[in-house]
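Hi,

Here is the structure I promised to pass on.

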Amino acid sequence: MIVTVTLNPALDLTIALERLAVGAVNRARRAELRPAGKGVNVAAMLAVLGEPVAAGGLLPEADADAFARFLGGLGVGDAFHRVPGHVRINVKLVEDADGNVTDVNPPGPPAPADALAGVAARIAALDPAPGIAVLSGSLPPGLPASAWADLAAAQRAAGRLVLLDSSGKALETALAGGADVIKPNRDELAALLGRPLPDRASLVEAARALRAQGIGRVVVSAGGEGALFALPDATLWAVPPKVPLTTTVGAGDAMVAGLVAALARGLSAEDTARLATACGAAAVSRPPEGLPDRATIERLAAAVRIEAA
């Protein structure tokens, strides 16, 4: 069993238009509203991959039914701690002309004082107990900067492998709680280290430095260039196959799902890089209002190019 934890879930409103005209009326080509948040996205992709998974974290009650229908329809278990209010609505404007994505993400509703205790209790009640915990996304107002660190430390103390996918102060603070796996993108890692990472060599150096601090696996995504996999048995660069771009929303979360599935299956470094990279490629080329299918992911995994880093 895998559990994903999302402390600041959202309804993602993705609007596709030919080109965004700022300050003018824009006519959309299509729109999609779906339950989201980084851990929710990870759980959905894990379900596509056939992995047993439960989605947990905080879930405002007013929108809980929408999440239950979406995740329940995929066979994802419900481990959310309900809190008052509505989830935030993230707006993602996707320009078909050049693939640019403009995100407008509100902070989300304030979390109550006992929120983390409720999250931990729901995870502890899962049967079977999860072996991997995926902690991902931003923190809502009302939670301390140490929230991810506290949860990471508790999950590791319970014997779970912890994958952390956050950014900014939340990521920096969370590392103090310990993590077995992290998956920042290039910009997030550069912000964490306080220096630019312009090429593969600088990414490899940064990843190795983090591994020396006790993080067993460091995966750094770099968009269409591919991703670095600094793993215990190899350091690899994976280049995705060319795919038609339908969206960039959720690509990093899909990669996390592939990485977690590979860990659960005990795959080799090369097969881990192939599966994670293929999931990202499948996510950016998924059909509108749909999810990738497993056959497509397997086909893309065979086409991933693996290079020594």
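Below is what I found, going from the overall picture to single residues.

A word on the ground rules before the details. This is a predicted model, where local features need pLDDT of at least 70 and side-chain atom pairs count only at pLDDT 80 or more, while totals for chains, interfaces and linings use all residues. Residues are numbered from 1 along each chain as its sequence is written, and side-chain values use heavy atoms, with hydrogens and water left out.

**Overall picture**

The protein has 10 helices and 14 strands (DSSP runs numbered from the N terminus: H or I of at least four residues for helices, E of at least two for strands).

Of the 309 residues, 52% count as buried (under 20% relative accessible area; exposed is over 50%, partly exposed in between; 1.4 Å probe, protein chains only). The exposed surface comes to about 12,800 Å², with 54% of it supplied by carbon and sulfur atoms (Shrake-Rupley method, 1.4 Å probe; for residues, only the protein chains shown count as cover). Among contacts with a separation of 6 or more, 66% are between residues 24 or more positions apart (contact means heavy atoms within 4.5 Å).

**The sheet**

An open sheet of 10 strands runs in the order β5-β4-β1-β8-β9-β10-β11-β12-β13-β14, with mixed pairing (two strands pair if DSSP finds at least two bridges between them). β5 (77–83) and β14 (305–308) are at the edges with a single partner strand each, so one side of each has no neighbour in the sheet.

Start with β1 (residues 2–6): 5 of its 5 residues are buried, so this strand is largely enclosed by the rest of the structure. Ile2, Thr4 and Thr6 point one way and Val3 and Val5 the other, all of them buried. β1 pairs with β4 (residues 53–60) in the parallel sense over 5 bridges, and valine 3 has alanine 54 in β4 as its bridge partner. β1 also runs parallel to β8 (residues 132–136), joined by 4 bridges, with isoleucine 2 opposite isoleucine 132.

Moving along, β8 and β9 are parallel too, over 5 bridges, and serine 136 stands opposite aspartate 165 in β9. β9 (residues 161–165) is mostly covered, with 4 of its 5 residues buried. Over at β14, the pairing with β13 (residues 234–239) is antiparallel, over 4 bridges; alanine 238 has isoleucine 306 in β14 as its bridge partner.

**The cores**

Which residues touch the most other members of the largest nonpolar core? They are Met45, Leu46, Val134, Phe229, Val260 and Ile297, out of 53 residues in that core (a set of buried Ala, Val, Leu, Ile, Met, Phe, Trp, Tyr and Cys residues joined through side-chain atoms within 4.5 Å). A second, separate core has 44 residues, including Ala147, Ala174, Ala179 and Leu189.

Back to Val134: setting aside neighbours within four places in sequence, valine 134 contacts Ile2, Val3, Thr4, Val5, Val42, Leu163, Val256 and Val260.

- Asparagine 8 sits in the loop between β1 and β2 (10–17) and counts as buried at 4% relative accessibility. Its side chain reaches the backbone oxygen of proline 107 at 3.0 Å (a polar contact is a pair of N or O atoms within 3.5 Å; within protein, one must be able to donate a hydrogen and the other to accept it, and residues adjacent in sequence count only if both atoms are side-chain atoms).
- Threonine 277 lies in helix α9 (residues 269–284) and is buried at 3% relative accessibility. Beyond neighbours within four places in sequence, threonine 277 contacts Phe229, Ala238, Val239, Pro240, Met255 and Val304.
- Valine 220 is in strand β11 (residues 217–221), buried with a relative accessible area of 0%. Not counting residues up to four places away in sequence, the residues that valine 220 touches include Pro184, Leu189 and Leu228.

Cheers
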